[in-house]
Amino acid sequence: MLGIGAAVLFFIAFLINAADISTNDAFTSTNVMLLGLMLLALHVAGIGTGWSGRRR
């Protein structure tokens, strides 16, 4: 789930950068990409693996 969130944030950062959308300082392309990297690092570290809806 965190990997999907990271992919969405990377896509949003790409759109902000490619379309030259002017945003405030909190939502710049770099900041959104750093949030995506943080989610990707958490996903690779195994955080959030217990959030699955399927139980065995």
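## About the model

Residues are numbered from 1 along each chain as its sequence is written. Because this is a predicted model, local features need pLDDT of at least 70 and side-chain atom pairs count only at pLDDT 80 or more, while totals for chains, interfaces and linings use all residues; side-chain values use heavy atoms, with hydrogens and water left out.

Let's start with α1, which covers residues 2-18. Its 17 residues reach 24 Å from the first C-alpha to the last, close to the 24 Å expected at 1.5 Å a residue (1.5 Å times one less than the number of residues). Helices here are DSSP runs of H or I, at least four residues long, numbered from the N terminus.

L2, A6, A13 and I16 are the buried residues of α1 (buried means under 20% relative accessible area, exposed over 50%, partly exposed in between, with a 1.4 Å probe and protein chains only). Seen down the axis of α1, these buried residues fall within an arc of 85 degrees, so they line one face of the helix (the arc is that of the directions from the helix axis to the C-beta atoms). On the other side, I4, F11, F14 and A18 are exposed.

## Meeting α2

The buried residues of α1 pack against α2 (29-45), where contact means heavy atoms within 4.5 Å. G3, found in α1, is partly exposed because its relative accessibility is 22%. The C-alpha atoms of G3 and G36 are separated by 8.7 Å, although the two are 33 residues apart along the chain.

Definitions and conventions. Helices (H or I, at least four residues) and strands (E, at least two) are DSSP runs, numbered from the N terminus.
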